[in-house]
Every structure is written in structure tokens, then in C-alpha cells.
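This report covers a ligand site and a domain interface. Both are taken up after the display.

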Amino acid sequence: MAEGKTTLSVIKADVGSIGGHIKPSQRLLDRVAEFIEQEGRGLLTDSFISHTGDDIAILMAHNRGTDDEDIHRLAWDAFLAGTETAKEQGLYGAGQDLLKDAFSGNIKGMGPAVAELEFVERPNEPFLFFAADKTDPGAYNLPLYLAFADPMHNTGLMLSPSMSEGFQFTIMDVTHTEGDRIIELNAPEDLYDITALLRDNERFVVESIHSRTNMEECVSVATSRLSLIAGRYTGKDDPVMLIRTQGAFPATGEILSPFRLGHYVAGYMRGSHTGPLMPVKQNSSISFFDGPPIVSCAAFCVHHGKFTEAADAFDHPFWDHVRDHVSQKAIEIRTQGFSGVAMLPYSELEYGGIVERLGKLDTKFKVR
Ligand code: F6R
Ligand code: MG
Ligand code: MG
């Protein structure tokens, strides 16, 4: 922890939902909020609870730095308290993302997704909190690349002297579970290296981005892959992300711009399909084919560790038009059912059943 710094921590988990993997109950949300309100006193300067699909996100401001044991424990305990409520109500998948029995100092690797940023507050400090459901952390690769490295979406890269140096991407190989295997690459010089990695959303994931003008961190993405922690299917990772905007960083609208693409990502039904990422309003639920994959964005300013109210970045008539387009893309890819790119490659299928099935079939093959 450094004097005079603010830390933003967002920790999210699916600890139970109504009617399948659709959305948490109001009682569950209230329980988590009440726990944070009571137990976070003296620890947090502010907090904000929301849900995106079946995931509850606890956004916290404090001055204890990233990876703080007490902050992580607070979120873990809030999700445990929520799990009790989920069990009382008979919610589906109660406690599903809490993969370990006992808290061990840092919530990373225990199931819940974490993104954190620590910085000295500017006199005005706008930031965005993204939460996605029914997809994995690689879903943010393309939007981040386009917002931080491509003048087709971020014309500020040409116009703003404070962005002219470009940005440094820290990219993680998420298949390496024995430690954080990372590489740092610079935009614009290393663009082709960056895209060579980021095309593979299931393996290489943007973990953070720094401004090369002031070397400050402006993006933090939750990179955990649940199946790699548990060694079996436990739900998709449903990543959260924090982004500081304006000034030396892209404008809020430049960050939002690539989300109009509704690009195809991994996830959707049973975490085993390809579907377009739909930008939705805060507290949206899940529907068609357990999807489509969704992303929400709440915009804030933080001042002396206190949040303004949230502005819902995807609640605007423009995004209704985008949602119609993305719905069409969702229908389009579903027209080919199980075939080819509509489903993920074998290595990414989230259910073991097909492995057994193919194993049995393998013994029946003959070589003619
Ligand atoms: C995908 C997801 C859902 C479930 C599906 C089956 O991330 O959460 O699509 O995979 O509803 O759920 P289970 O296996 O719980 O019956
Ligand atoms: Mg779920
Ligand atoms: Mg979820």
C-alpha cells in the first residue's frame, strides 16, 4: 500500500441463480450487499454491487493496494454468506464458483475473478467497470487491441499528444498454470506480434495495459480460467475488467467503440459454443441458448475513494440498434447447430461427456 493512492478492486463470482444460469435472486444480491456494507466498514472507502447474467460483482474502493489479504477475504466471505442464502432459497448452482474450502490469503486461483488497479487519483478520475457473462477473458482481446492500438477506433492515437507514445500490452499465457507466464509488447511497434498472440483468445489474454507516456496502468483484466483451476468444467470464467479513461488514456467512447462489433467469442451454451458478444445494460439476465454472451459497462468517477453513481454505458438508443444486429449474428451462427465453428474445438469443450463418447467410439474404429 502506498500513501495517497486509491485502489479499485472488483471481485466477481457466480454463487447461485434463478431458473438455471440466468440471474441471481434479489435476496442473494441483498445478502452480499449487506455483508459488504457491514463487514467492509473501516476497510473500504466505497463499494458497488451489481450483477451481469448469473454473476455478482463487488466493486470496491480502498487504499490498501492490490492483492490485499483483508480485501480478498472480505469478498470471499461475502460470497460465502451469499452461498448460504442461495442454499436457503434453493438457487441453482449455489456456491458454484467457490472452488476451494478455505481462504488462503489471496482469492486468485480460488474461483472468483479479480481485476485491480492502484493509482494516485487525478483531480478527476473517470473509469469503466466491465463485466461479461457466458464467455472467457479472451473476449476482451479484440476490443482492447482496437481501443488501444487501432486508429480506426481510437483516432485519439493520432490527435492527442498524451497518447502519441502508444501503449504497452502485458499478455498472459493462461494455459501456464505453474505461475504467471507473461510477455510485454509495445503498440505501435509490435502490432503484428501482439495480434499473432491475441488471435488465440483461449491461450493468450491481455492482462493489463500501461500508458507509455506516463507508464501508468490503465487496464486490468481478470485472467483466471476456471477449468484450469478445477481441472474440470465448472462454468465459464465470465471476466471482469477495469479501465481508467481520458487524458493520457483513451476516451470512454474510444473504449466503447469496438463493442459495437459484437464479435464472436467462446462461451454461450455449456461454455462450448461460439456466440457474438452483446453489450447489455447493467443487471441484465441471460436468455437465448444460455446466452448470447453479454458484456455490461458501468462508468464512474472516483474522488477521494468515493464513487459517483454509475452511468450505464450501454444504456443508450445507439446500443439498441447494436443489440438487434448482435441478435441477428446470434441467430445466424445457431443455424448451423453443432457443426464446425458453431462449437468450440475439442480442447475447449467444457463437458467431459464427449471425451468419454469419443473414447468409446475410438475402440470401434477399424483400419481397412
Ligand atoms: C454456460 C452456462 C450454462 C450451463 C448449462 C448447463 O456457462 O453456465 O450454459 O452450462 O445451462 O448447466 P448445468 O451443467 O449446470 O446443468
Ligand atoms: Mg452459472
Ligand atoms: Mg456466469
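How far is an oxygen atom of ligand 1 from an N or O atom in the side chain of H21? The distance is 2.9 Å. That falls under the polar contact definition: a pair of N or O atoms within 3.5 Å; within protein, one must be able to donate a hydrogen and the other to accept it, and residues adjacent in sequence count only if both atoms are side-chain atoms.

The model is predicted: local features need pLDDT of at least 70, side-chain atom pairs count only at pLDDT 80 or more, and totals for chains, interfaces and linings use all residues. Residues are numbered from 1 along each chain as its sequence is written, chains are lettered from A and ligands numbered from 1 in the order in which they are written, and side-chain values use heavy atoms, with hydrogens and water left out.

**Ligand site**

Two further side chains reach an oxygen atom of ligand 1, D290 and K134.

| Side chain | Distance to an oxygen atom of ligand 1 |
|---|---|
| H21 | 2.9 Å |
| K134 | 3.4 Å |
| D290 | 2.5 Å |

On its own, ligand 1 has 410 Å² of accessible area, and the protein covers 80% of that. Accessible areas use the Shrake-Rupley method with a 1.4 Å probe; for residues, only the protein chains shown count as cover.

Around ligand 1 there are 11 residues, each with a heavy atom within 4 Å of the ligand. H21, Y92, R270, D290 and Y351 come nearest. By class, the shell holds 5 nonpolar, 2 polar and 4 charged residues. Nonpolar means Ala, Val, Leu, Ile, Met, Phe, Trp, Tyr, Cys and Pro; charged means Asp, Glu, Lys and Arg; the others, Gly among them, are polar.

**Domain interface**

An automatic or database assignment sets the domain bounds. Domain 1 is 1–120, and domain 2 is 127–303 + 311–359. Their C-alpha centres lie 21 Å apart. Domain 1 gives 30 residues to the contact and domain 2 gives 35, with contact meaning heavy atoms within 4.5 Å.

About 2500 Å² is buried between the two domains, 66% of it from carbon and sulfur atoms. Buried area is the accessible area (1.4 Å probe) lost on putting two parts together, summed over both.

The domains share 1 salt bridge (a side-chain nitrogen of Lys or Arg within 4 Å of a carboxyl oxygen of Asp or Glu). D54 and K134 meet in a salt bridge at 2.8 Å, N to O.
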